[in-house]
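Please open the model in your viewer and keep the sequence beside it. The tour below says what to select at each stop and what is to be found there.

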Amino acid sequence: MVKEAMQDVFLEKFAKFKVNQLSGGMKRRLSVAISLVGDPKIVYLDEPSTGLDPENRRQLWDILSDIKGKRALMITTHSMEEADVLCQRIGIVTDGMLRCIGPQVRLKTLYGGGYHLFINCHKSKYLNILKREAKEKQKNENGHETREESKDRENLRKSFSPDDVHRRVKEFVYELAPSVFLLQEFNGNFIFQIPIEGFDAESLFTQMESNKEDLMISDWGISQCSLEDVFTKICTPKEE
C-alpha cells in the first residue's frame with residue numbers, strides 16, 4: 001500500500017531518502033502520499049498547493065487530477081484557479097456560511113454576469129500614422145498648402161489619434177451589444193462584460209472580424225467569466 005501511494009505521487013525513486021533531504025514540492029507530494037495510505041474513499045486536503053512555485057504547483061495538480069478518478073477529494077483553498085482546475089463541484093463559504101454550491105459552469109452562469117470581451121488596439125499603427133504626417137508636413141513646407149489640404153490633414157490626424165480610436169471602439173461595442181458595460185480600460189486595452197441574455201456569438205464574431213481593421217484593433221477575444229469574478233460578486237456586500 002505504501003509503495004502504491006509513493007508511485008501515485010512519483011516518489012518511488014526517493015523512497016529511501018529522509019524527509020529533510022526532499023525539496024518543498026516533494027514534501028508536499030509526500031503529504032499527499034501519506035493521506036493515500038490505507039486507500040481511503042475520501043481524502044481531505046487543506047490548501048494543497050500553497051507556497052509552491054508554478055512548476056511544482058502544476059505537477060501537484062496533475063497528480064491530484066489523476067487521484068480524484070479513484071477516490072473523492074475534499075479540498076479547501078483560497079486559490080480560485082486551483083478550485084477551477086481540480087474541483088467538479090465548488091462551494092463558496094463567507095462569514096462561516098455556505099453561500100453557494102455547484103459545478104463551475106453553473107456558478108459562472110448564475111453569478112458571473114456573462115462573458116468578458118477583451119480588445120487591444122494596435123498601438124504600432126499610431127506611430128506609422130505620425131511618421132506619415134511628419135513626411136507630409138515636411139513635404140508641404142517646401143510648397144504651398146491650400147486651406148482644404150490643411151483641413152484634411154488635421155481631420156486625418158484627429159480621426160486616427162489614440163483618444164478618437166478608443167472612443168470609436170467603445171461606440172462600436174456599445175452599438176453591437178447595448179447591454180454591455182466597460183469593466184476596464186487602460187492604454188488602448190479594454191475589457192467589456194456582456195450579459196448572457198440576448199448574446200449572439202455568431203454576430204459578435206462576424207462584426208468584430210469585419211471591423212477590426214478600421215477600428216485599429218490588433219487582437220481581441222471572448223471568454224466566460226472567471227471563478228474569481230463569481231467569488232467577488234458573492235462576497236461583496238450588497239448595498240442597502
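This is a predicted model: local features need pLDDT of at least 70, side-chain atom pairs count only at pLDDT 80 or more; totals for chains, interfaces and linings use all residues.

Select Glu4, which is partly exposed with a relative accessible area of 48% (buried means under 20% relative accessible area, exposed over 50%, and partly exposed in between, with a 1.4 Å probe and protein chains only). Glu4 lies in helix H1, residues 2-8 (helices, H or I, of at least four residues and strands, E, of at least two are DSSP runs numbered from the N terminus).

Residues are numbered from 1 along each chain as its sequence is written, and side-chain values use heavy atoms, with hydrogens and water left out.

Next, select helix H10, residues 227-235, whose buried residues are Leu227, Val230 and Ile234. Seen down the axis of H10, these buried residues fall within an arc of 55 degrees, so they line one face of the helix (the arc is that of the directions from the helix axis to the C-beta atoms). Among the elements that cover them are strand E3 (90-94) and helix H5 (104-111).

Move on to H5, where Gln104, Leu107 and Lys108 are buried. These residues cover an arc of only 100 degrees around the axis, which puts them on the same side of H5. Just after H5, look for Gly113, which takes a positive phi of about 90 degrees.

Notes:
Contact means heavy atoms within 4.5 Å.
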